[in-house]
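Happy to walk through this one with you.

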Amino acid sequence: MSAVFNFTFVPWFRSVAPYIHMHRGKTFVVGIAGEAIAAGKLQHIAQDLALIQSMGVKIVLVHGFRPQVNEQLKAKGHAAKYSHGMRITDEIALDCAQEAAGQLRYEIEAAFSQGLPNTPMAGATVRMISGNFITARPVGILDGVDFKHSGMVRKVDAAAIMQTLDLGAMVLLSPFGFSPTGEAFNLTMEEVATSVAIAMQADKLIFLSEIPGIRIHPDQPESEDNPIDTELPLAAAEKLLATLTPGERPTDTAFYLQHCVKACKAGVERSHILPFAVDGSLLLEVYVHDGIGTMVVDEKLESLREATHDDVGGILQLIEPFEKDGTLVKRSRTEIERDADHYTVVEHDGVIFACAALYPYPEAKTAEMAALTVSPQSQGQGDGEKVLKRIEQRARAAGLQSIFVLTTRTMHWFIKRGFVQVDPEWLPEARKRKYNWDRKSQVLVKKLN
């Protein structure tokens, strides 16, 4: 094993550890479009879901079968009919849907049963359990269109699903529901996944879809200036949805977004739209800071706030690499615990990505900003600016007229933000006594308006 691999793998694996801890015991509802299976992506998706489950996540898997049903209909010389974004399910279409569902469940169960040596599934034991967890009702007639055997979710047996998950199994659901009289109704994968996530108050609803997510400017083509919006607050998602045409096709921007908004409004913390075309998109979204698709959240996950004693471990983990390479002066855990209330942090999804401390010198009407640190994972995203502004606000609120920093490597970053270099003799007497003349740190000062 090469030294380069060791050098990259170890810090990467450590960086995902907080997400592994965070998601253990959580419940994810994952909806897989039938197009993903038709495109041959099932094998890798199954491997990734098995890996996620092995790290303590409870998974409800809902599969779609749109292209598979259409293929069955074509083989029988029967045309697929849609209206209002739903299939019109006559007797022939219902038979085709039942055949397609049976075949897909067989393929999915087979994919999760593999365990060849030297593959990601080696040693994995994934038990899949299905059942009549969904009660349905007919769509009926909408705008003069009779949807026949197409249905909508009436009720989800969330307690039974949770009992199954607690046994350590993965629950597999097809887009079918049954009435109290035993009549079968063809449902949509998107509605089933959304209804199950709401009924269970799942921690995540995830769609593996044909689209890569929602772009910052949805009405404009893909470009460097129009990337995927990785985090969309619920209020912004609702506002966007109001401007879009109704989502009737899976490739429409509103198609998956409407279900994400519905889930978040009903209490599901986060809903995701991921591209199944990208290998490992599930892992990238769940275990990497910025993710790969679009996440709809009820509020911004990023929090800029003052630190508490519970943050000491996160602060230590953040600044330790910079202490080792000499960028920061080493601080002990005892020192940080003692000064925890001096720190401001940027916390995202339970992980601290930036921090700085403010040490006032009231007699000189100034304060030192120390230990300004931004995680390499989020550098260039403005976290340093946010912390600096909050530190300035705290200093002004304390009636101080300036803040200063001591640095050996980042002088230009501070100069660009209004700091000017001064002689170390400028320092307040109490700070001057602690100044390390051997380190030769630059002293920079910023006056506060």
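Buried means under 20% relative accessible area, exposed over 50%, and partly exposed in between, with a 1.4 Å probe and protein chains only. This is a predicted model, in which local features need pLDDT of at least 70 and side-chain atom pairs count only at pLDDT 80 or more, while totals for chains, interfaces and linings use all residues. Residues are numbered from 1 along each chain as its sequence is written, and side-chain values use heavy atoms, with hydrogens and water left out.

Q: Is Asp 252 buried or exposed?
A: Asp 252 sits in the loop between α8 (234-243) and α9 (253-265); helices here are DSSP runs of H or I with at least four residues, strands are E runs of at least two, and both are numbered from the N terminus. Its relative accessibility is 15%, so Asp 252 is buried.

Q: Which residue has its backbone nitrogen 3.1 Å from a polar atom of the side chain of Asp 252?
A: Leaving aside neighbours within four places in sequence, Asp 252 is in contact (heavy atoms within 4.5 Å) with Pro 246 and Gly 247. The backbone nitrogen at 3.1 Å from the Asp 252 side chain belongs to Glu 248.

Q: Is Ala 371 buried or exposed?
A: Ala 371 lies in strand β20 (residues 366-374). Its phi is positive, about 60°, although Ala 371 is not a glycine. With a relative accessible area of 6%, Ala 371 is buried.

Q: What is the phi of Asp 143?
A: Asp 143 is in the loop between β7 (141-142) and β8 (145-146). Its relative accessible area is 70%, so Asp 143 counts as exposed. Phi here is positive in a residue other than glycine, with a value near 50°.

Q: How far apart in space are Ser 223 and Ala 367, C-alpha to C-alpha?
A: Ser 223 belongs to the loop between β13 (204-209) and β14 (231-233). Ser 223 and Ala 367 are 144 residues apart in sequence, and their C-alpha to C-alpha distance is 44 Å.

How values were computed: A polar contact is a pair of N or O atoms within 3.5 Å; within protein, one must be able to donate a hydrogen and the other to accept it, and residues adjacent in sequence count only if both atoms are side-chain atoms.
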